[in-house]
Amino acid sequence: MQEQTLSIIKPDAVEKNQIGNILARFEKEGLKIVAAKMLHLPEETAKKFYIVHKDRPFYMDLVRFMISGPILVLILEGADAVAKNRKIMGATDLAKAEKGTIRKDFAESIERNAVHGSDSKENAKVEIEFFFTKKEIFSR
């Protein structure tokens, strides 16, 4: 069964013109891009998307960062897409990220970490529905 997950190329990676390099990593590992859109998130949208972190001390810094420039929001599809994407991204903490992962190669810091990816199948479904309608998804 093919699984879907949400990925976001964050403002730092977009600004550094790394979109193509990051997309190539997903495709090289067997994930298909079945939906994509570039957005500049309004503050209220970013707050809603990251509401799970609202009581954490970094919440507003995260929101400010995510609205600081355009992002590319994607749906990736493939076998074990959530787990595969998490592996391709690497650890949030750069000191723990493995060589060859997106975060090790493109992130600047734990805060400016190049990409977001759903952390579970359940969250993937919620996050995909947050950004995409069924008509915008092209499984293949």
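This is a predicted model: local features need pLDDT of at least 70, side-chain atom pairs count only at pLDDT 80 or more; totals for chains, interfaces and linings use all residues.
**A walk through the fold**

Setting aside neighbours within four places in sequence, Leu23 makes contact with Ile9, Ile33, Leu72 and Leu74.

Where does Leu23 belong? It is part of the largest nonpolar core, which has 21 residues; Leu23 is one of those touching the most other members, along with Ile9, Ile22, Phe26, Leu74 and Ile102. Several elements each give at least two residues to this core: α1 (11–15), α2 (19–28), β3 (71–78), α5 (81–89) and α6 (102–106). The largest share, 4 residues, comes from α2. Apart from this core lies another one, of 20 residues, including Val34, Tyr50, Tyr59 and Val63.

Now step back to see the whole chain. You can trace 7 helices and 4 strands, and in sequence order they run β-α-α-β-α-α-β-α-α-β-α. The radius of gyration is 14 Å, close to the 14 Å that the globule rule gives for 140 residues, so the chain is as compact as a globular protein of that length. Of these 140 residues, 46% are buried. Among contacts with a separation of 6 or more, 78% join residues 24 or more positions apart.

Look for Phe132 in the segment after α7 (121–131). Is Phe132 buried or exposed? Its relative accessibility is 6%, so Phe132 counts as buried, the cut-off being under 20%. Leaving out residues up to four places away in sequence, Phe132 touches Leu6, Ala35, Ala36, Lys37, Val73, Leu74, Ile75 and Ile137.

Notes. Residues are numbered from 1 along each chain as its sequence is written. Side-chain values use heavy atoms; hydrogens and water are left out. A nonpolar core is a set of buried Ala, Val, Leu, Ile, Met, Phe, Trp, Tyr and Cys residues joined through side-chain atoms within 4.5 Å. Buried means under 20% relative accessible area, exposed over 50%, partly exposed in between (1.4 Å probe, protein chains only). Contact means heavy atoms within 4.5 Å. The radius of gyration is taken over C-alpha atoms; the globule rule is 2.2 Å times the number of residues to the power 0.38.
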